[in-house]
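Hello,

Here is the structure we talked about. Please open it next to this email and follow along.

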Amino acid sequence: MFIFIPDDYIQCLAEFRPQFLFVVPSLLLFLATHPKVTPDLLSSVESVLVGAAPASLQLQEKFRHKVGRDIDIAQGYGMTESSPVTLCTPFRYDQTKVGTCGLLYPNTEAKIVSLTDGSNLGPHQSGELYIRGPQVMKGYLNNEAATKETLVEGGFLRTGDVAYYDKDGYFFIVDRTKELIKVKGNQVRTHDASVLLFLPSYLYLFVIVKKRIDPLKLALIQIVTGGGGAV
(Lines give C-alpha, C1' and ligand atoms only; values in the text may rest on other atoms or scores of the structure.)
Protein backbone atom coordinates (compact mmCIF):
# COMPACT_ATOMS: atom_id res chain seq x y z
CA MET A 1 0.00 0.00 0.00
CA PHE A 2 1.77 3.16 -1.24
CA ILE A 3 -0.96 5.37 0.22
CA PHE A 4 -3.44 4.61 2.97
CA ILE A 5 -6.86 3.67 1.59
CA PRO A 6 -9.25 2.77 4.42
CA ASP A 7 -11.29 0.22 2.51
CA ASP A 8 -8.15 -1.54 1.25
CA TYR A 9 -6.74 -1.76 4.77
CA ILE A 10 -10.01 -3.17 6.09
CA GLN A 11 -10.01 -5.72 3.25
CA CYS A 12 -6.47 -6.78 4.25
CA LEU A 13 -7.63 -7.32 7.82
CA ALA A 14 -10.43 -9.54 6.60
CA GLU A 15 -8.29 -11.48 4.10
CA PHE A 16 -5.02 -12.01 5.98
CA ARG A 17 -6.23 -12.09 9.61
CA PRO A 18 -2.99 -10.67 11.07
CA GLN A 19 -1.78 -11.60 14.54
CA PHE A 20 0.50 -8.55 14.87
CA LEU A 21 -0.10 -4.94 13.83
CA PHE A 22 2.54 -2.25 13.39
CA VAL A 23 0.78 1.12 13.50
CA VAL A 24 1.12 4.85 14.12
CA PRO A 25 -1.28 6.56 16.54
CA SER A 26 -3.52 7.90 13.77
CA LEU A 27 -3.97 4.38 12.41
CA LEU A 28 -4.71 3.05 15.88
CA LEU A 29 -7.37 5.77 16.20
CA PHE A 30 -8.80 4.74 12.82
CA LEU A 31 -9.05 1.12 13.96
CA ALA A 32 -10.65 2.16 17.24
CA THR A 33 -13.30 4.44 15.75
CA HIS A 34 -14.11 3.47 12.16
CA PRO A 35 -17.55 1.81 12.00
CA LYS A 36 -16.41 -0.71 9.35
CA VAL A 37 -13.65 -2.01 11.63
CA THR A 38 -15.53 -4.57 13.73
CA PRO A 39 -14.29 -6.65 16.69
CA ASP A 40 -14.45 -9.71 14.42
CA LEU A 41 -11.97 -8.14 11.97
CA LEU A 42 -9.55 -7.66 14.86
CA SER A 43 -10.18 -11.03 16.52
CA SER A 44 -6.91 -12.53 15.22
CA VAL A 45 -4.74 -9.68 16.50
CA GLU A 46 -2.67 -10.67 19.54
CA SER A 47 -0.36 -7.66 19.89
CA VAL A 48 0.27 -4.17 18.54
CA LEU A 49 3.43 -2.08 18.22
CA VAL A 50 3.02 1.69 17.98
CA GLY A 51 5.71 3.85 16.39
CA ALA A 52 6.32 7.40 15.09
CA ALA A 53 4.60 9.05 18.09
CA PRO A 54 3.30 7.98 21.51
CA ALA A 55 -0.21 6.58 21.84
CA SER A 56 -2.04 8.03 24.83
CA LEU A 57 -3.58 5.79 27.47
CA GLN A 58 -7.00 7.06 26.36
CA LEU A 59 -6.30 5.96 22.78
CA GLN A 60 -5.02 2.56 23.89
CA GLU A 61 -8.12 1.97 25.98
CA LYS A 62 -10.34 3.07 23.11
CA PHE A 63 -8.70 0.42 20.90
CA ARG A 64 -8.99 -2.26 23.59
CA HIS A 65 -12.68 -1.40 23.96
CA LYS A 66 -13.16 -1.93 20.21
CA VAL A 67 -11.32 -5.26 20.33
CA GLY A 68 -13.22 -6.33 23.43
CA ARG A 69 -10.23 -7.74 25.31
CA ASP A 70 -7.02 -6.71 27.06
CA ILE A 71 -4.70 -6.80 24.06
CA ASP A 72 -0.94 -6.14 24.38
CA ILE A 73 0.22 -2.75 23.07
CA ALA A 74 3.92 -1.84 22.98
CA GLN A 75 5.60 1.37 21.82
CA GLY A 76 8.92 1.77 20.08
CA TYR A 77 11.33 4.25 18.54
CA GLY A 78 13.65 4.06 15.58
CA MET A 79 14.74 5.70 12.37
CA THR A 80 15.99 4.63 8.96
CA GLU A 81 19.57 5.34 10.02
CA SER A 82 19.28 2.82 12.87
CA SER A 83 17.82 -0.07 10.87
CA PRO A 84 15.38 1.02 12.46
CA VAL A 85 14.62 0.04 16.08
CA THR A 86 16.64 1.30 19.06
CA LEU A 87 14.06 1.60 21.84
CA CYS A 88 10.97 -0.43 22.68
CA THR A 89 8.70 -1.09 25.64
CA PRO A 90 7.78 -4.56 26.83
CA PHE A 91 4.26 -5.50 25.78
CA ARG A 92 3.37 -5.25 29.46
CA TYR A 93 4.80 -2.26 31.30
CA ASP A 94 3.94 0.24 34.03
CA GLN A 95 1.10 2.39 32.69
CA THR A 96 2.38 5.36 34.66
CA LYS A 97 5.02 5.51 31.94
CA VAL A 98 2.53 6.09 29.13
CA GLY A 99 4.20 8.31 26.54
CA THR A 100 7.51 6.46 26.73
CA CYS A 101 9.08 4.98 23.61
CA GLY A 102 10.72 2.31 25.71
CA LEU A 103 13.98 0.87 26.94
CA LEU A 104 17.21 0.45 24.99
CA TYR A 105 17.47 -2.60 22.75
CA PRO A 106 20.19 -5.13 23.62
CA ASN A 107 23.72 -4.00 22.64
CA THR A 108 22.44 -0.46 22.18
CA GLU A 109 23.72 2.63 24.00
CA ALA A 110 22.29 6.12 24.28
CA LYS A 111 23.10 9.46 25.82
CA ILE A 112 21.28 12.77 26.19
CA VAL A 113 23.37 15.75 25.10
CA SER A 114 22.71 19.32 26.21
CA LEU A 115 21.43 21.61 23.46
CA THR A 116 23.37 24.53 24.90
CA ASP A 117 26.84 23.29 25.91
CA GLY A 118 27.09 19.73 24.52
CA SER A 119 27.50 18.10 27.93
CA ASN A 120 26.04 14.72 28.85
CA LEU A 121 22.84 15.00 30.89
CA GLY A 122 21.34 12.84 33.61
CA PRO A 123 17.82 11.51 34.23
CA HIS A 124 14.85 13.82 33.63
CA GLN A 125 16.97 16.37 31.75
CA SER A 126 15.99 17.06 28.13
CA GLY A 127 18.55 17.20 25.35
CA GLU A 128 19.33 15.66 21.98
CA LEU A 129 19.20 11.87 21.87
CA TYR A 130 22.40 10.17 20.62
CA ILE A 131 22.33 6.43 19.80
CA ARG A 132 25.15 3.90 19.33
CA GLY A 133 24.86 0.23 18.42
CA PRO A 134 25.42 -2.43 15.76
CA GLN A 135 22.21 -1.41 13.97
CA VAL A 136 23.42 2.14 13.26
CA MET A 137 24.23 2.85 9.61
CA LYS A 138 27.77 3.23 8.25
CA GLY A 139 26.85 6.47 6.54
CA TYR A 140 24.87 8.12 3.76
CA LEU A 141 25.69 6.96 0.23
CA ASN A 142 27.77 9.55 -1.63
CA ASN A 143 27.08 12.23 0.99
CA GLU A 144 30.13 12.62 3.20
CA ALA A 145 29.00 15.99 4.59
CA ALA A 146 25.68 14.61 5.87
CA THR A 147 27.46 11.56 7.30
CA LYS A 148 29.91 13.70 9.27
CA GLU A 149 27.06 15.82 10.62
CA THR A 150 24.99 12.82 11.71
CA LEU A 151 27.63 10.30 12.85
CA VAL A 152 29.80 11.96 15.47
CA GLU A 153 32.78 11.08 17.65
CA GLY A 154 32.57 7.67 19.24
CA GLY A 155 30.23 6.28 16.60
CA PHE A 156 27.10 7.92 18.02
CA LEU A 157 24.17 8.75 15.75
CA ARG A 158 22.60 12.17 16.26
CA THR A 159 18.86 11.56 16.05
CA GLY A 160 17.72 15.19 15.96
CA ASP A 161 15.11 14.32 18.61
CA VAL A 162 14.85 16.01 21.99
CA ALA A 163 14.39 13.40 24.71
CA TYR A 164 14.97 12.48 28.32
CA TYR A 165 15.13 9.25 30.31
CA ASP A 166 13.84 8.46 33.77
CA LYS A 167 15.52 6.67 36.67
CA ASP A 168 14.28 3.31 35.34
CA GLY A 169 15.86 3.82 31.91
CA TYR A 170 12.64 4.56 30.03
CA PHE A 171 13.09 7.18 27.28
CA PHE A 172 10.59 9.88 26.33
CA ILE A 173 10.72 11.89 23.08
CA VAL A 174 9.52 15.44 23.66
CA ASP A 175 10.36 17.32 20.46
CA ARG A 176 12.66 17.83 17.46
CA THR A 177 15.82 19.94 17.68
CA LYS A 178 14.83 21.81 14.52
CA GLU A 179 11.43 22.73 15.98
CA LEU A 180 12.74 24.92 18.78
CA ILE A 181 11.69 28.56 19.01
CA LYS A 182 13.98 31.22 20.48
CA VAL A 183 12.12 33.31 23.08
CA LYS A 184 14.30 36.11 24.46
CA GLY A 185 17.36 33.90 24.14
CA ASN A 186 15.71 30.84 25.63
CA GLN A 187 14.92 27.68 23.64
CA VAL A 188 11.23 26.79 23.83
CA ARG A 189 9.84 23.55 22.43
CA THR A 190 6.88 23.94 20.09
CA HIS A 191 5.40 20.98 21.95
CA ASP A 192 4.97 23.27 24.95
CA ALA A 193 2.83 25.64 22.88
CA SER A 194 0.86 23.01 20.99
CA VAL A 195 -2.01 20.66 21.72
CA LEU A 196 -2.71 17.74 19.40
CA LEU A 197 -6.45 17.31 18.98
CA PHE A 198 -8.05 14.10 17.75
CA LEU A 199 -10.79 15.67 15.67
CA PRO A 200 -12.52 13.41 13.14
CA SER A 201 -12.91 16.25 10.65
CA TYR A 202 -9.47 17.89 10.77
CA LEU A 203 -7.33 17.83 7.66
CA TYR A 204 -4.24 19.84 8.43
CA LEU A 205 -2.46 21.22 11.44
CA PHE A 206 -0.27 24.25 10.88
CA VAL A 207 2.19 25.73 13.35
CA ILE A 208 2.85 29.35 12.40
CA VAL A 209 5.60 31.42 13.98
CA LYS A 210 5.08 35.19 14.00
CA LYS A 211 7.53 37.79 15.26
CA ARG A 212 6.18 40.71 17.25
CA ILE A 213 7.82 44.11 17.60
CA ASP A 214 9.76 42.85 20.62
CA PRO A 215 12.02 39.77 20.37
CA LEU A 216 9.26 37.49 21.61
CA LYS A 217 8.05 34.96 19.05
CA LEU A 218 4.61 33.48 19.41
CA ALA A 219 3.61 30.08 18.07
CA LEU A 220 0.05 30.12 16.76
CA ILE A 221 -1.88 27.01 15.80
CA GLN A 222 -4.43 26.97 13.01
CA ILE A 223 -6.62 23.93 12.44
CA VAL A 224 -8.31 23.69 9.06
CA THR A 225 -11.38 21.50 9.32
CA GLY A 226 -12.80 19.19 6.70
CA GLY A 227 -15.51 21.72 5.92
CA GLY A 228 -12.97 24.36 5.01
CA GLY A 229 -13.41 26.36 8.21
CA ALA A 230 -10.56 27.40 10.46
CA VAL A 231 -10.28 27.38 14.24
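**Helices and the open sheet**

Helix α2 lies across β1 and β2. It runs at about 125° to β1. One thing to keep in mind throughout: this is a predicted model.

Stay with α2 for a moment. Which helix does it cross, and at what angle? The partner is helix α1, residues 6-16. The two axes come within 12 Å and cross at roughly 75°. That makes α1 roughly perpendicular to α2. From α1, the residues P6, Y9, I10 and L13 take part in the contact. From α2, they meet L27, F30 and L31.

Now the sheet. It is open and has 5 strands, in the order β1-β2-β3-β4-β5. The pairing is mixed. Strands β1 (20-23) and β5 (103-104) stand at the edges. Each has a single partner strand, so one side of each is left without a neighbour in the sheet. Further in, β3 pairs with β4 (residues 85-88) in the antiparallel sense, over 3 bridges. To find this pairing on screen, look for G78, whose bridge partner in β4 is V85.

**Helix α3**

Next, go to α3, residues 57-67. Which of its residues are buried? They are L59, Q60, F63, R64, K66 and V67. These residues cover an arc of only 155° around the axis, which puts them on the same side of α3. Here is the background: an α-helix has 3.6 residues a turn, so residues three or four places apart point the same way.

What does the buried side pack against? Its neighbours are α2 (25-33), β2 (47-50) and β3 (72-78). The face turned away from the buried side carries the exposed residues Q58 and H65. After the helix comes G68, with a positive phi near 85°.

Is R64 buried or exposed? It is buried, because its relative accessible area is 10% and the cut-off for buried is under 20%. The R64 side chain makes a polar contact with the side chain of E61, at 3.0 Å. Leaving aside residues up to four places away in sequence, R64 touches R69, D70, I71 and I73.

Move on to the later strands. Begin with β6, residues 109-113. It is joined to β7 by 5 bridges, and the two run antiparallel. In this pair, K111 stands opposite Y130 of β7.

How many of the 6 residues of β7 are buried? The count is 5, so β7 is largely enclosed by the rest of the structure. Strand β7 (residues 127-132) also joins β9, through 4 bridges, and this pairing is antiparallel. G127 has A163 of β9 as its bridge partner. I131 has L157 of β9.

Strand β9 covers residues 156-165. Of its 10 residues, 7 are buried, so β9 too is largely enclosed by the rest of the structure.

Two hairpins involve β9:

- β8 and β9 form a hairpin with 3 residues between them. In the turn, G154 has a positive phi of about 90°. L151 stands opposite L157.
- β9 and β10 form a hairpin with 5 residues between them. In this turn, G169 has a positive phi of about 90°. Here 5 bridges join the antiparallel strands, with β10 spanning residues 171-176. V162 stands opposite D175.

End your tour at L157, in strand β9. It is buried, with a relative accessible area of 0%. What else does L157 touch, not counting residues up to four places away in sequence? The list includes M79, E81, S82, L129, Y130, V136 and T150.

Finally, compare sequence with space. M137 is 20 residues from L157 in sequence. Their C-alpha atoms are 8.5 Å apart.

Best wishes

Methods
Residues are numbered from 1 along each chain as its sequence is written. This is a predicted model: local features need pLDDT of at least 70, side-chain atom pairs count only at pLDDT 80 or more; totals for chains, interfaces and linings use all residues. Side-chain values use heavy atoms; hydrogens and water are left out. Buried means under 20% relative accessible area, exposed over 50%, partly exposed in between (1.4 Å probe, protein chains only). The arc is that of the directions from the helix axis to the C-beta atoms. Contact means heavy atoms within 4.5 Å. Two strands pair if DSSP finds at least two bridges between them. Axes are lines fitted to C-alpha atoms, for helices over the stretch in contact, and angles run from 0 to 180 degrees between N-to-C directions. A polar contact is a pair of N or O atoms within 3.5 Å; within protein, one must be able to donate a hydrogen and the other to accept it, and residues adjacent in sequence count only if both atoms are side-chain atoms. Angles under 35 degrees count as roughly parallel, over 145 as roughly antiparallel, 65 to 115 as roughly perpendicular and the rest as oblique.
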